[in-house]
Amino acid sequence: MVQGPRARPAPSGLTVQSVFHEPEVHMQILSRPELLAPVRAMTNAMAARVGLNDIDACHLALALDEALTNIIRHGYDSDRNGRIWIEMGPLALTQGLRIEIKDRARSVNPDELQGRDLEDIRPGGLGMHLMRTLVDRFEHANRPDGGMQIVLEKSSTPASVSNAS
Amino acid sequence: MNAGSTLEIAVETSGETTIVTPKGEVDMARSPLLRKSIADVMKAKPKRVVLDLSGVPYMDSSGLATMVEALQNSRKNQIPLLLCSLTPRVRSILEIARLNTVFTLCDGRAQALNG
């Protein structure tokens with residue numbers, strides 16, 4: 001049965017509540033870098049399904065990639081057996097996709113992960129900048145039962161809408 | 001899109017230029033391979049290095065870091081490094097990271113070889 005949009009309670013600690021459809025995809029992955037590619041493929045497919053253009057889909061997939069990389073590297077300290085849960089669903093009020101990520105890793109406040117000044121050209125330090133820049137909404141909070149929750153949302157740009165019609 | 005688990009990297013020579021052509025997505029799992037390949041090429045001290053990105057549909061921050069490291073290596077060794085044939089996706093990521101003005105970008109391989 002297709003469910004209509006509904007207001008979901010904001011996860012504990014998240015300040016903004018969104019109205020969005022029931023998540024259509026629920027995934028659990030292990031904290032392994034080689035699983036980033038299949039998750040990206042799923043994200044691109046879901047983004048295309050809701051009408052995001054190719055570049056917007058790529059940017060959303062990249063933001064998710066960077067979030068997962070932080071969880072794997074900093075949250076789970078590269079332990080390959082950590083659990084990560086990912087939900088994806090269309091936004092209700094605009095053409096776009098919402099992704100929720102949960103883990104049980106050591107809490108790492110993304111605000112405390114120092115990104116570098118973009119004028120300072122050196123390897124590394126770009127992940128946080130990319131995550132914040134690539135999506136329309138980026139939020140994170142500690143989960144009451146441990147771990148972190150991250151929300152990413154990306155809506156269609158006008159070009160996306162025209163391309164999708 | 002190549003969502004497989006491998007990144008294929010071809011290295012070839014054209015005159016005094018060494019051309020590195022990765023094929024596949026460059027992410028946290030795959031960037032170490034590209035990093036090693038470029039470092040090996042730089043060690044041979046070619047006159048110029050061209051990184052042909054026509055086969056790279058996606059690159060994350062670890063891939064960008066790999067290219068910045070390559071650029072630093074090239075400057076240190078005074079070996080010009082040129083990027084060519086960027087896909088629209090990778091070009092957009094480079095622009096968001098504001099690296100498009102840091103690298104020498106060429107539209108195609110011919111321009112890179114003649115530039």
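1. Two strands pair if DSSP finds at least two bridges between them. In this predicted model, strand β6 of chain A is joined to strand β7 (residues 148-155) of chain A by 6 bridges, and the two run antiparallel. Within this pairing, A:Asn142 stands opposite A:Met148 in β7(A).

2. These strands belong to an open sheet of 5 strands in chain A, whose order is β3-β4-β5-β7-β6 and whose pairing is antiparallel. The edges of the sheet are formed by β3 (25-30) and β6 (137-142) of chain A, each of which pairs on one side only, and from one strand to the next the twist averages 15°. As background for a first reading, strands of a sheet pair through backbone hydrogen bonds, either parallel or antiparallel.

3. Turning to the interface, 26 residues of chain B are in contact with 32 residues of chain A. The area buried between the two chains is about 2300 Å², and carbon and sulfur atoms give 66% of that area. On the side of chain B, the residues that lose the most area to chain A are B:Met28, B:Arg89 and B:Ile96, which together account for 29% of what that side buries.

4. Between chain B and chain A the count is 3 salt bridges, and in a salt bridge the side chains of A:Arg40 and B:Glu25 meet at 2.5 Å, N to O. There are also 8 residue pairs in polar contact between the chains, both residues being at pLDDT 80 or more.

5. Which helix gives the most to the side of chain B that touches chain A? That is α2(B), with 6 residues, while α2 (61-76) and α3 (88-96) of chain B each supply at least two residues. The residues of this side divide into 15 nonpolar, 4 polar and 7 charged.

Definitions and conventions. Residues are numbered from 1 along each chain as its sequence is written. Chains are lettered from A and ligands numbered from 1 in the order in which they are written. This is a predicted model: local features need pLDDT of at least 70, side-chain atom pairs count only at pLDDT 80 or more; totals for chains, interfaces and linings use all residues. Side-chain values use heavy atoms; hydrogens and water are left out. Contact means heavy atoms within 4.5 Å. Buried area is the accessible area (1.4 Å probe) that two parts lose on being put together, summed over both. A salt bridge is a side-chain nitrogen of Lys or Arg within 4 Å of a carboxyl oxygen of Asp or Glu. A polar contact is a pair of N or O atoms within 3.5 Å; within protein, one must be able to donate a hydrogen and the other to accept it, and residues adjacent in sequence count only if both atoms are side-chain atoms. Helices (H or I, at least four residues) and strands (E, at least two) are DSSP runs, numbered from the N terminus. Ala, Val, Leu, Ile, Met, Phe, Trp, Tyr, Cys and Pro count as nonpolar, Asp, Glu, Lys and Arg as charged, and the others, Gly among them, as polar. Axes are lines fitted to C-alpha atoms, for helices over the stretch in contact, and angles run from 0 to 180 degrees between N-to-C directions.
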